Amino acid sequence: MPKIRVLVADDSALMRKTLKSLIESDPSLVVIDTARDGEDAVEKARKLQPDVITMDVNMPKMDGLTALQIIVEEEIAPVVVVSSLTQEGSVTAFEALELGAFDYVPKPGGTVSLNIGAVRDELIYKIKAAYEASRSTKVMRRLASAKSKVKIDTSKKIVTPSPVSVDFYAVAIGISTGGPKTIYDVLPQLPADLNAAVFLVQHMPPSFTAQYAERLDQYCQLKVVEASDGMQVTPGVVYVGKGGFHLKLRRADGGLKIWLSRIPKHMFMPSADVMMESVLEHFGPKTVGVLMTGMGDDGANAMVKIKQAGGYTIAESEETAIVFGMPAEAIRRGGACEVLPSYEIASRILRKVGVRRG
């Protein structure tokens, strides 16, 4: 069976050597060459046509983001960003993902990471996932497609506290690989007076979610916040699950509050399944479940439960999903009332929940 051919781009000779060793520790992978900067990476990518490229961001001559944009626009190969700049919730991580990086692996420590071996398994897993996904030309086109951004004047976002009784809907969205790019097809299209609270689980490290929420808030009519323990649940607000915790709900002080929990133990924290089941417990048939691009099956079981309880469920279609894993599992298990491309999901949510009166 042919090996997956990888091009490694990093300005540090030590990191190039170390990454090559880590990648080739898996017998199904081979590093066909290395690049010392963005310009070198683009030239070698064009010449060698690798299956997957790992890319540092902070490089001389041409930086990694510029090189990434060229490689993705030319649909050469999927790019996995491996950079210290993706650590601690740096905005650079989201720029890379929005420009079309398939995924990211943060270097533990600085630019020259002495602990890079700690992310070996994650790196190999994501390289293989990028390769599998890229075998569809549709995926490369989706990664290359630019999203339109319209900045919202956040000073005009007024959120009225919710009454004690829950007389609005809940929209529970689970999304993973490809999510930071695809979510812009949905959230910015929802109006500020949406008659629902939105709960969003995006699989990402703890240091990312606050920055992720802030970035989304710039482009959404809805108020977007990182969920914090004890926060009151209000319609017109998107609550982004905090990395390292499950996003749950509980009754407290006569109202509905956010509950951040580390129970149950799960591969993903936050987990889409855990969040959706907690939302369903409190909103019942007024729950709208949405499962979008991502690897694995997190959220698929909860989608089945939402549908069975009389709620409404939407799975993203293969047409737009960068990785048709999570939504495909929801469909396979009978958990999807409807299957839609990402660009039709917002209008269907709005039709289902409506807007607040007055």
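Predicted model: local features only at pLDDT ≥ 70, side-chain atom pairs only at ≥ 80, totals over all residues.
Strand 10, residues 246–252, and strand 11 pair in the antiparallel sense, over seven bridges.

How many strands form it, and in what order? Seven strands, in the order 8-9-7-6-12-13-14, and the pairing is parallel. The edges are strand 8, at 223–226, and strand 14, at 338–340; each of these pairs on one side only. Neighbouring strands here are turned by 20° against each other on average, with direction ignored.

Let me zoom in on one pair in that order. Strand 6, residues 169–175, and strand 7, residues 196–202, pair in the parallel sense over seven bridges. Within this pair, Val171 has Val198 in strand 7 as its bridge partner.

On to strand 4, residues 79–83. Is strand 4 mostly covered or mostly uncovered? Mostly covered: five of its five residues are buried. For strand 4, both faces are covered. Val79, Val81 and Ser83 are buried on one side. Val80 and Val82 are buried on the other.

Strand 4 also has a parallel pairing with strand 3, residues 52–55, over three bridges. There, Thr54 has Val80 in strand 4 as its bridge partner.

Last, two helices. Helix 3 covers residues 64–73, and helix 4 covers residues 91–99. They pack at an angle of about 15°, with their axes 9 Å apart. Angles under 35 degrees count as roughly parallel, and helix 3 and helix 4 are therefore roughly parallel to each other. Helix 3 passes helix 4 in a right-handed crossing.

Which residues meet between these helices? From helix 3, Leu65, Leu68, Gln69 and Val72. From helix 4, Thr92, Glu95, Ala96 and Leu99. By class, that contact has five nonpolar residues, two polar and one charged.

That's the tour. Over to you.

Notes: Residues numbered from 1 in each chain as written. Heavy atoms only, no water. Axes fitted to C-alpha atoms, helices over the stretch in contact; angles between N-to-C directions. Helix = DSSP H or I, 4+ residues; strand = E, 2+ residues; numbered from the N terminus. Parallel < 35°, antiparallel > 145°, perpendicular 65-115°, else oblique. Left-handed = near helix turned anticlockwise from the far one by under 90°. Contact = heavy atoms within 4.5 Å. Nonpolar A, V, L, I, M, F, W, Y, C, P; charged D, E, K, R; others polar. Pairing = 2+ DSSP bridges. Buried < 20%, exposed > 50% of the residue type's maximum accessible area, 1.4 Å probe, protein only.
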